[in-house]
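Trainee: Please walk me through one part of this model up close, and give me your cut-offs as you go. I'd like to see how that part sits with the rest.

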Amino acid sequence: MLDNILSILIFFPALAAILGFVVDKNSIRTYGVAVATIEFALSLLLWFFFDNSASGMQFMEHIALVPVFGINYIVGVDGISLFIIILAAFFTMIGIASLTDTKNVKNMIITLLFLQMTMVGVFASLDAIVFYVFWELSLVPMLYIIGAWGGPLRIYASVKFFLYTFAGSLVMLVGILVMAYLYYQTTGQWSFAILDWHRLVLPENYQLWLFVAFFFGFAIKVPMFPFHTWLPYAHGQAPTIGSVILAAILLKMGTYAFVRFSLPMFPDASVYFMFPIAILAIIMIIYTAMVAYAQKDIKQLVAYSSVSHMGVIILGTFALNIEGISGSIFLMIAHGVVSGALFFLVGVIYDRRNTKLMSEFGGLAHVMPRFATIFGIMIMASVGMPLTINFVGEFLSLLGFYQQSHILTIIAGIAIIVGAIYMLSAYKKMFFGKVTKEENKNLPDVNKRELIALVPLVIITIWLGIYPKPVLGPISNSVESLVSLMHEKAVTKEAKARIPNPSTLIIRTTAQEAY
Amino acid sequence: MLEPVNISLESLNLMTLAPMLVPIVGALLILIIDFFKSEQDRSLYVMLSLLILGIDFIFLIESAEIFTENGTIMGVFDVMLIDGLAILSQFIIVGASMLFIPLALSQKRFHEFSYPEFFALFLFMIGGFQFMVATDNLILIFVGLETASLALYTLIAMHNRDKSFEAAVKYFTMGALAAGFFSFGSMVFYALTGSIEINQIAQVLQANNYENIEFVLIGVVFMLASFGFKLSIVPFHTWAPDVYEGSSAAMAGYMSIVPKIAAFVVAMRLFEFLIQSGIIWLEVILYALVVITMTMANIWALVQTDVKRMLAYSSISHAGFVMAAILIGTTQANSALFLYWILFSFTNLGSFSMLWISRQKNLPAGQSSDHSYNKFAGMVKTAPIAASIMALFMLSLAGLPPFALFWGKMYMISSAVTADFIVLALIMALNSAIAAYYYLKLIVYMFMKEPMKGSDGNVSVTNATLSLKTIIGFAAVGTIFAFLILNTLLEFITAFVYGSGY
Amino acid sequence: MEMFLYIALFAPLVGSMFAALFSAKPKTLIAGIIPSALLFVSFIASSILLVYVLQTGSSIHVEMMTWMATGELYIPFGFVVDQVSVTMMMVVTLVSTVVHVYAIGYMSHDKSFNRFFAWLSAFVFSMMILVMSDNFAGLFIGWEGVGLCSWGLIGFWYHKESATWAANEAFIMNRIADLGMLIGIFLIYWNTGTLQYDEAFAAMPALETDVLTWMGIFLFIGAMGKSAQFPLHTWLADAMEGPTPVSALIHAATMVTAGVYLIVRASPLYDLIPNVGLFIASLGAFVALFAASMALVNRDMKRIIAYSTLSQLGYMFAAAGLGAYWVALFHLMAHAFFKALLFLGAGNVMHAMKDELDPFKMGGLKKVMKGTFIMMTVASVALAGIFPLAGFFSKDLILEVAFIDNHYIIYSVLLFTAALTAFYSFRLVALIFHGEERYKLFGIDPHEAYKFMLVAMSPLLLLAVIAGVFKMTYFEMVTQVLPATEYHIDSPIVYWIITIGTQLLVGAAIFYAYKKYTSRDIKVPDGTSAMEKSFGYKLLSNQYYIPYIYEEFVAKPYGKISAFFWSEIDQKIIDASVDGIAKAFYNTGENTREMHSGNLSTMLKWMVAGTVGMLSLAVVFGLAARHSDGVASILSAIGVK
Amino acid sequence: MEIGLNHYLVLSTILFSIGLIGVMRRKNLLMLFFATEILLNSVNISFAAISHYNGDLTGQMFAFFVIAIAASEVAVGLGLLILWHKRHNNIDLDSMSTMRG
């Protein structure tokens, strides 16, 4: 079974979704929870049997699809993708479990299960075309979720989301095809296998163009400034579960793809574009944080904060050293947990009041103390309080980038200030002060179903903040081999200099050596 | 005294005629049956046609086998040319026709299907198309083209609505003009080379190194105009939306596939050698036509309010997309053309069939067209499976993986990339994004809007019967699982295209 | 000994979590008692560690577990108890135990009693991490942790707008500084390859001065935030919105001194960069004066003490900047005792006065609040630096340091500030405890605090008096890790002149304050007196208009720019251009759909037009190809290649 | 002056142009059909002339086929025309524009 565990992980939810059409709509929630739990258990099994010390791909599967054109179904995980897969399974599980009563709950759950297939597929696939298939396919369930269960502007938001990301991915598709062609030219064989591509050394000018092509696909997905405007709409209109999964998993596809494609395939281009991208990332960080501060709608605020944090992830990725990349991958998971949780929390209050305007609240700490506590923890995690999960990622990302540029890192570090400004002022507006609105006086505190989602997230937030090693270790291993691949492949002198050679680094496992 | 004609029957290779003769004989058979015993149910003719096409298909398989063994065959005074292109396109023509015919067995009774002439004409048309693709003689192309076209005009008119007459007249008139262009173009080539066989034209032109280049170009212009009309290349496309709207949905779907593949094959035969000989003008013009056709058709499709008309523009756009293969002109591109068209025929026939099953006998109240977007509002509530399938076709048309058309698009774009048409590849790719908007619009209507007031829920599938459902199911399965047969298809197509020297 | 280390560290955490269990429930006495008891345990453990360190002269170092490890970076949860950190541990655990016990009484009527103890103990835990960590990252954990707890405690009464505002202000200001700290940490890591104190400091002498200077500057920026140095000082006065025990513990004794601790910790670094040290000292002296001046006219009891804290922090930085790390640390310790005492006393007064803070509205309270009166007076005397109380040994030492190092400007500023300190301290004492009983005008019936609160304060009282005794013991202990410079004025005459002169100056200031503020003429100021109208008074009472400037030129523009970014740039430029592209396509469609007018004639014309268009292009091209030589010559004639 | 190939070709082209203009200008369906006939038959002239000039029969064969096709076109076209006339009582091009956009 372990030989095929990845395929099982990918296609089990899809199969379950199809069978789900048969299940009665009164039992569908239980069905959904059961399926998602099994999926999550399987993903934990994956982790359990994952060899933490290995840096390469594990659980590889290889099935020929279109051998004449080099398209194969290849899946595998390494430290970089493993945890995002687990996270995807986890969020689907708690998402379904805590789903509030909506119309057409059956369609919702079936859609979520399909979405899960695409999410796991994206992170597990090691063939560019298969990757692309899942990448694009993930748009459809999300389109439906936003468009069918969203707010008043849902159609605009969902179509915008779809078209924008779709357009970006199409440019990426051209990039993929060019890449395959270059591989064909060099080796005489068609191949879309990412691991094959990793071994291909390209001249710098090709790298630059290809980098740009891939960049459009990834940047829109992330979303990077100035391609971010679909996100506030999508989040603003999406139902809670949609926002949660969008923020927690779907956005990570972009940043993950940078790590999986852009860095190892185009090391020189990555170095070449490091500063422009870093500047974009910095604009993302500061500008969107300021925009977040100007929001009146708490969900929009969290959406913009997502963009801001994604900027830090991008920055870490383009630090091009082990610290930065590991940090950015860890931050992907961290941001997934934290922003997912924040969207859950916004959903909790939206369910009660049907509004997301911060001015409608105030003094909620009096009436909903538990809610306020959890919200507070998540806000603190979001602003990067040490010993929460986000700090580890942000610290490492910024630390990593500091090696490349001092000034830019200092500017990027403003993130921790502006982040605190909008988050704390939002918290103050909603939770502090006196209860001014009559409707708010008798709001019930978080209930059990909501706690099912929130408590595990709080636990993860703190647990991985204190002890990130189980996650950071495997990530670090894989990143190390990634960086050494980049270093070896780099063509230009500058790239060789910018990308450290991991084999010369002293990797420590204890500080005792010094004493 | 003329010498007695002395030709051995074997050298005629009469086998080459067999696939074309089957539908013609079949058509005559249907007419004869009608002559002896009229007033038969349409199901008889449907099944008969299906059988005849089946036989046709078997003949095709045989010629495919012969081709794989012996390569290209000429026959009947070297008029017939059975090469890979001919076989592949005939497969598409006959296959798509077989998918189309059962659509006649709709729930609602439509005028045209009760006439046996309909089926006879239909088979004649197929015969015409088969002739058209299986020759490089301009006369035979002309004859085949006109036979098919005239039959097609009649078939459209037989739908017996005001709009269908209008459509038929428009199509016919423009077709006549296009025929004029074709004959003029042929005349120019004949004048230049003294031959009307594409092969020889090419040889002569190459031999004299295109000395009369402006006259060659004049000929090319008229040919382009003529095939531009058939392929609905902007600005020769204006008939397409009206004709699609005027004819029944099933017919429209059929028209978006079969006539075009026939025209593509001829265009490929005609223009490929010109492209290969590096006439920049042609490259520029084709480039412009391809880009304009793709983009403008997409843009026009954006603003449509009727789904069928939208699909008409979308078909124009797809044709423009595929036209790029002729411009690129590599083996991969030409294979991509066939691959694309096979996958497209699944999807597009499927989507038009979905319109067909949602067809009412008469215009719904308050609607100006048969298939306005409004009609599909909230379809997911009234007919969830139909809505899902329709969405599937739309997503496939938009080029969303892993559905059928994605693979076609991907392979086509790849061929552009491989031939260094990077910008073209980008334009082709981004056009999918524009197109996605109007495909999504239908999905939005179906999945995200509330049903119109007064629709009783069955409206969307009133015309469905088992045979229609079968066809749709077939198309849907083909659309979803295209990737499973992709390798086989690709190997097959590439071998055939390569084997015919394209 | 490691066990005691863990006990000292984690007992507050356990206490905090225990109290947190009850946080949503109404007051539960045990939620206050258990954390206090656990803190006492922590204090005992710290004392044992102190004794151990004193006796053996060695430090205890443990590595609990890995925190972050990737690439070359390796950060453990490592803790070190050496002479410096054990001093801080003693201060922290002692003061916090006192404050906890005190708070049981002080907060007894608050409905969020339990939550208070959860936060307060959490603060102590963070502070312990801060001081005990053996690396910069661990320090940063504590650094941010105390910031968080400070936020929670300043905004403890979250129904008050001013409290939550102050909480956010404190947090954000601290964050600004934390960025500096973070950058400093990055610099250290990328230059030394480690964040462990000992390794990093060992590697530093080999580095270039520029790099070291930047490290010093950035770390100091971090310290400036936490210790509220100019220009990041405004939050400290506003932080007085928190409950008074919080002010005593966090904003007087412990957290705000973290900046000084950091400089002391990083003494090997600052020793290498005396220029930065001088800057720190100058800034410290400036802040000392600056804060004292604001305390002169303020009419808010807690704010006066807060400014006094600020001023004393300036002293500490002056000492640390001049390289007298042990002096700074010693003043830190002494200051913690008497300032906490002062604050707790102020808390008693507040309770008595029903949260009235204006000392002008008090007066003559010594009759009803004898214990508090004594304690606050002693604390003020200690603060003023009168022999033989704690302040004399620590504060006057700083003056000497400045004098001996020949920094006479700093010396004179500090000396002048000492006089001001004495003045405002006794202005406060006089206004509160002496003179007319003005509170009667406001119908307040003051009463002394609970006995046990006074008892709880007594250790601080004792230490405020006798802390000077330990000076030499302390010196010997900490100089094992800190530079052991003894500051002695060589000439005994100069020494005596300076010492006695200082004492006289301070005494005169005290006397003047008493004279001025015990008089019966003191009225509650109503803004009409000539002094209140003077520019100087306004300047001082408005805190040099700095909060106003921050509000007008930083906070408000920030909000405006944010709104501008959102409504103008994000929506009207970026999003609009995205939508614009889509609209452009759509409008093109709308505008050109007339091409399909449905008229057959038009359609035919399009066909013919297309053909003719291509035809003309073909002719042009054909002619051009035929006459390519001619065309080429024409083209080259007009400059086209 | 001897009549050469070029004269025929020019004549053919002129006729073709007349046909084209007719196609564009005529609003009467019947006249439109005439114009298309002119188009097709103008080409026939060229075919015949070139065929004669080249001395092979292919061109003439083509011309015959064109004639045949033109004839059948007329048959279908007139059929459609009659149908239209039956329904609408006119054969004006401008009347057939119900579909647009």
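Mentor: For orientation, chain C is split by its domain assignment (automatic or from a database) into domain 1 (301-539), domain 2 (542-595) and domain 3 (601-641). The C-alpha centres of domain 1 and domain 2 of chain C sit 52 Å apart. Bear in mind that this is a predicted model, where local features need pLDDT of at least 70 and side-chain atom pairs count only at pLDDT 80 or more, while totals for chains, interfaces and linings use all residues. Residues are numbered from 1 along each chain as its sequence is written, with chains lettered from A and ligands numbered from 1 in the order in which they are written.

Now chain A. Along the principal axes, the C-alpha atoms of chain A fill a box of roughly 70 × 55 × 50 Å. Of those 515 residues, 67% count as buried, meaning 20 or more other C-beta atoms, placed from the backbone, within 10 Å of the residue's own. Contacts here are C-beta pairs, again placed from the backbone, within 7 Å. Among contacts in chain A with a separation of 6 or more, 79% come from residues 24 or more positions apart.

Zoom in on one helix pair: H17(A) (residues 369-382) packs on H20(A) (residues 448-466) at about 40°, with axes 11 Å apart. Those axes are lines fitted to C-alpha atoms over the stretch in contact, and angles run from 0 to 180 degrees between N-to-C directions. Where they meet, H17(A) brings Ile374(A), Ile377(A) and Ala381(A), while H20(A) brings Leu454(A), Val458(A) and Thr461(A). That makes five nonpolar residues, one polar and no charged; Ala, Val, Leu, Ile, Met, Phe, Trp, Tyr, Cys and Pro count as nonpolar, Asp, Glu, Lys and Arg as charged, and the others, Gly among them, as polar.

Stepping back out, chains A and C share the most contacts of the five pairs of chains in contact. Chains A and D, however, don't touch, and their nearest C-alpha atoms are 24 Å apart.

Technical notes. Helix = DSSP H or I, 4+ residues; strand = E, 2+ residues; numbered from the N terminus. Contact = placed C-beta atoms within 7 Å. Buried ≥ 20, exposed ≤ 12 C-beta atoms within 10 Å, placed from the backbone.
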